[in-house]
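Welcome, and please open your viewer. We will go from stop to stop, with something to select at each one.

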Amino acid sequence: MHSIQSIALCALVLSIGLPPCAIAQSSPNDTVRMNQIQVIGTHNSYHAGIAPSETKLMQAQNPERYEALEYKHRPLDQQLSSGVRQIELDVYADSQGGRYAHPAGPKYVAAAGLPPDPEFDPQGLMNKPGFKVMHVQDWDYRSVCQPFTACLQIVRRWSLGHPGHLPVYILVETKQTDLPAQYHAVTTEKFSSATFDALDAEIRSVFRPKEMITPDDVRGEHATLEESVLNNGWPTLPEARGKVVFLMDQRPVGPVYLEGHPSLRGRVIFTNARPGEPDCAFIEENDGTPEVISALVQKGYLIRTRTDEETVEARTDQTGKRDAALASGAQILSTDYPASEPASWSGYSVSLPGGAIARCTPAIKSTFCNDAALAETNRRR
């Protein structure tokens, strides 16, 4: 579309007898928005696996549970370099520090007479206040990065080194479930509105405003966030390149995060909300049918779904759930097995056609969405 300013300038040029000027036009790629593309993400992206002696204990005591946890990921920057565009970080509040510094696992290893596993926190990071990243306190607590801010710093360094990248989604799951008494696990610190203030503050301590897409950015002049996304309010790809987007994994914590922040005003993270709610822009549909997901995508919502769970599909190369997720058009497809980390049992993995980093979501037909629009470069914005 011609801008009013460009037209006026060229009219002035002609009026004073200078050669005609070409009227600047927006690139067709500008009409492709970030919710019109599909990318691959990793589930529990921080997961470093369970140490050898603790593995033996878990296999003996609860083999089915161990099988569900038998996966691990490479460092975050390596995942991003391989084409992953969504990562997931599970966070535990630890406002005083030290709550999770002494997990139960090593004690049971010693009691069983098994060789001690490698030290999981040689730098004493778990003793310091701040959010920690792990799957299950005391039993599945090893992470490829620690603490939360260090994980974010890895992502930011990678992002600054790849300024033309498509938006990277950072899914945040807040963990506050206590384990049954027989596990002798530490009690978790519960999340309040003040806890979420601290979480936002940690994110802002790493990423500058211009490096993120926040609910305020998407809402714009609309009354609510949902009103904006239902009216094509997501940023264009040129606007979104080189930026990160934070998404909330668990829906029950949404009301607490919203306290004092109607429609997520002033917040950093997009909640996992329901259609019809003022803050609804992002929705998890991990078990939704392709038809349900496609309909939500077409309305303008950003959807995340899973292609596999608890190693079930990966053990026997079951591809039905994966293929349905791909066809649904969900913009974010989360897996334990991206193409760079196939399952050892069967070779199962998840990728887009041709190994692309992104493709136009099949749920939305767009004249302008094509390979050229999705190409990543390392040029500065």
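Before moving on, note that the model is predicted, so local features need pLDDT of at least 70 and side-chain atom pairs count only at pLDDT 80 or more, while totals for chains, interfaces and linings use all residues. Residues are numbered from 1 along each chain as its sequence is written, and side-chain values use heavy atoms, leaving out hydrogens and water.

The sulfur atoms of cysteine 145 and cysteine 151 sit 2.1 Å apart; a disulfide is a pair of cysteine sulfur atoms within 2.5 Å. Both cysteines are buried (under 20% relative accessible area, with exposed over 50% and partly exposed in between, using a 1.4 Å probe and protein chains only).

Next, select cysteine 360 and cysteine 369, joined by a disulfide with an S to S distance of 2.2 Å. Its torsion is about -100 degrees, so this disulfide is left-handed. Cysteine 360 is partly exposed at 23% relative accessibility, whereas cysteine 369 is buried at 12%.

For the last stop, pick asparagine 286, in the loop between strand S6 (282-284) and helix H12 (290-299); helices (H or I, at least four residues) and strands (E, at least two) are DSSP runs, numbered from the N terminus. Which side chain makes a polar contact with the side chain of asparagine 286? Show arginine 304, at 3.1 Å. A polar contact is a pair of N or O atoms within 3.5 Å; within protein, one must be able to donate a hydrogen and the other to accept it, and residues adjacent in sequence count only if both atoms are side-chain atoms.
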